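Hi,

Here is the model I promised to pass on.

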Amino acid sequence: MNNEKCSSLDKEPIASYRTYKKRWLVLCVVAVLNLSGGMVWITFTPVAYKAVAFYETDLGTINWLALLFNVCGIVFGVVATYELERFGLRPALYLSAGLTFVGAALRIASVAEDLNSTEKLVVLFAGQALVAVGQPFSMYAPAKTAAVWFPEDERAIANTIGAVANPIGVVLAGLISPLFVDYNSGDFYVLNLLITMACPAALGALMTLLIVTSGEPSIPPSAGGKKTPEYFGHGLKKLFKNKNYIILLLTVGAGIGLYGTFATLLEQLLCPFGYTDTMAGICSAVLTGFGVVGAAIVGVYCDRTKQFSSSIKFCYIAVTIGTIVFSCVFHINIGYLILIVVGGCGLFSFGIYPIGVELAVECTYPVGVATSSGLIMISGQLQSIILVLVLQLIGRPMSAEEVIKYDSQCHQSQNAESATTTAEYSTSSVANLLTTGADGGGDVTYDLSLSIYVCTAYMGLMALTLLLFFRPKYLRMEAERSNDLNSDSSESMKNFLAT
């Protein structure tokens, strides 16, 4: 009888999990692809007024270079989510790498001297669109990568690393783009800028080819990584019936949207009040640098304590307070002290997305991780589009007297007459504004004070929603513990019967 029982137990699958060193290389590929996409996304945002002059267009058109990523993220986000769930990481990363590289290379052609201004914009937007289409396939991949490659005690930090790579790309663009403006001569070296921004895309494509030979390990790292997710359509229905997930969809999406809005409009917020493009780029770097440090701290803390809910609520409160302080002082030129305010605002801002995604996976398990995380990203991109368009719309044209009073740097040394690969500027812009006035067809500078107040109020509303109504259950961790207990019980029984 004992022999029969032993034989029966031998046929039962005993959980066997393993971690591979290659997991860090796969995560590195995801990070580089997201970083390169972030650099392409915000290439012209730190030098928006300079790009207006070179491409002989308007500020709204330049802003659409960034908004295009949000639009494509919404349109192709569902496709990327389905692809990740149905076919896995490998084809998704190959698509992202290929489109990002080709699009970044195509943008370089937009500076060709034999193209007129309209043709240059068409080529630029075509390249930008290709990168934007490819981005969801890597942007939605961190949660999937963490789930299938990493054990339970590393998932939060892995998700954080993959997620913050995109903002790091944004900060690099903020630091690098102003370097291609010579403020002494007035030259804007657009060709060199676009080549520089294409280099990380080329690196990402090469790394993808060499490293991503499989979408998942042959042996999963945990029970959660082994679990087969539900059918895509059924998963969607479950998500929209889950109250906690709906709250995360709104609030975490708002955090993503507000970051995208700040990344798009930061230069336009600061330059009217005496801050240079370079200073705006430094502010973006400090915002992201402190955000990455804070996200790493929160990610490690959550991996060790599993206090996801309290952590995201703390992050939201901290960011809301920081945004309030920023809204009170950004219109006062306080020099480098603004970096303290921006750093404090960013310290815990980046922890919201990766921890929010982990919470979404926990409270919706066994719905696929790409589905739950992808919809949150789509929500963030949709909110970012709405916010940028609304905040840009409610911006107030400044009078000539205000431009002089606040020492506006928006049109400093700008002259849009050059049609070569550099844009030359002169100090005639202020005189032009004085002559024509804010509404007279000259170089218009916009005061976005009301816009930042609206952002602050929106952030506060989302924080209250999260604090008052979010009460999650950690379904994935409960399932993993149950699986481990059952496995231990089966192993103990087998050993007992064998003796």
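Helix H8 (residues 155-176) and helix H16 (residues 352-364) have axes that come within 8 Å and cross at roughly 130°. Axes here are lines fitted to C-alpha atoms over the stretch in contact, with angles from 0 to 180 degrees between N-to-C directions; helices are DSSP runs of H or I, at least four residues, numbered from the N terminus. H8 and H16 are therefore oblique to each other (under 35 degrees is roughly parallel, over 145 roughly antiparallel, 65 to 115 roughly perpendicular, and the rest oblique).

On the H8 side, Arg 155, Ala 156, Asn 159, Thr 160 and Ala 163 meet Tyr 353, Pro 354, Val 357, Glu 358 and Glu 362 of H16, where contact means heavy atoms within 4.5 Å.

This is a predicted model, so local features need pLDDT of at least 70 and side-chain atom pairs pLDDT 80 or more, while totals for chains, interfaces and linings use all residues. Numbering starts from 1 along each chain as its sequence is written, and side-chain values use heavy atoms, without hydrogens and water.

Now for H2 (residues 22-41), which holds Gly 37. Of the 20 residues in H2, 16 are buried, so the helix is largely enclosed by the rest of the structure. Buried means under 20% relative accessible area, exposed over 50%, partly exposed in between (1.4 Å probe, protein chains only). Gly 37 counts as buried because its relative accessibility is 0%. Beyond its neighbours within four places in sequence, Gly 37 is in contact with Phe 69, Val 131, Gln 135 and Asn 166.

Cheers

Conventions
Helices (H or I, at least four residues) and strands (E, at least two) are DSSP runs, numbered from the N terminus.
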